[in-house]
Amino acid sequence: MKYLFYCTVTFLIASTTMAQTQKAKTILFIGAHPDDETALGEVLAKYARLGNKVYVMIATDGKDGTRVTKIPAGDSLGNLRKLETICSCIKLGIEPPIFLSIERLDTKIGVGKYFKCYKQLLDSFKLKIPVINPDVILTFWPDGDTHHSEHIVTGGAITELLLSEGWVDKYPLYYVAWKKDKTDIDDLGYVDEQYFNVQVNYTQADENKAVEALKCYVTQYTTEETAEENGKKIKDKENRLYFRKFAVVKGLQNDFFNKTGN
């Protein structure tokens, strides 16, 4: 009996020590629009399921997203899209979304106003990222996932900030990397597989959460589009997404070709 008690205590101590060493991580996805997180919803759901803090940060207010809805552009639509993102985050099992509520990140609003919005984006990142203190940042860039200009600008801005503030090592940044064979139908940007750095496998349960999350966006996708997109997710049995890490070579040489400077 004493031996059994000793083994039990030892096991509990070992389990507690292991749990302490396996500290929960913080993952931050940064997207341009409400709904961007659905592109990697399975991965976000997985890390939340494993006990990590998972955040979604949305740059723009999305109030001009009128492609499939009869709701006119404006604050009413923007508020609905926020509710849709809140719904999506609930379905994925992650933290409530963080909205930066920037008007636009292209020159449709005029060049001068675009520059002000871009500065607002950088200032917001600089203020909020240290508060969240993520172990990993995920985003799109330089292809912008779908070559959408606001996706590219958002990913470029976070990359710029890490470089300007010396945060490249402090906040590791990973870009979503699509395989070429997955982009033939969806017109996505793709990356040569030799540049992949991370693969993330996910379960069917994670995928199911991603499927439900996409259904939240009734102002952005028709019923047929949602069914088609979710059908692709279900059909893909690989259950894996890829990422490439943003890396910087440090050190100064005298010119491009001659390291000795002669």
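**The whole protein**

Residues are numbered from 1 along each chain as its sequence is written. The model is predicted, so local features need pLDDT of at least 70, side-chain atom pairs count only at pLDDT 80 or more, totals for chains, interfaces and linings use all residues, and side-chain values use heavy atoms, without hydrogens and water.

The secondary structure is made of helices (H or I, at least four residues) and strands (E, at least two), taken as DSSP runs numbered from the N terminus. Buried means under 20% relative accessible area, exposed means over 50%, and partly exposed lies in between (1.4 Å probe, protein chains only). A contact means heavy atoms within 4.5 Å. Accessible areas come from the Shrake-Rupley method with a 1.4 Å probe, and for residues only the protein chains shown count as cover.

| Property of the protein | Value |
|---|---|
| Secondary structure | 8 helices and 7 strands |
| Buried share of the 262 residues | 44% |
| Accessible surface | about 14700 Å² |
| Part of that surface from carbon and sulfur atoms | 57% |

Take the contacts between residues at least 6 apart in sequence: 75% of them join residues at least 24 apart.

**Helix α3**

S88 counts as buried because its relative accessibility is 0%. Leaving out residues up to four places away in sequence, S88 touches E37, T38, A213, C216 and Y217.

L80 is found in helix α3 too. L80 has a relative accessible area of 32%, so it is partly exposed.
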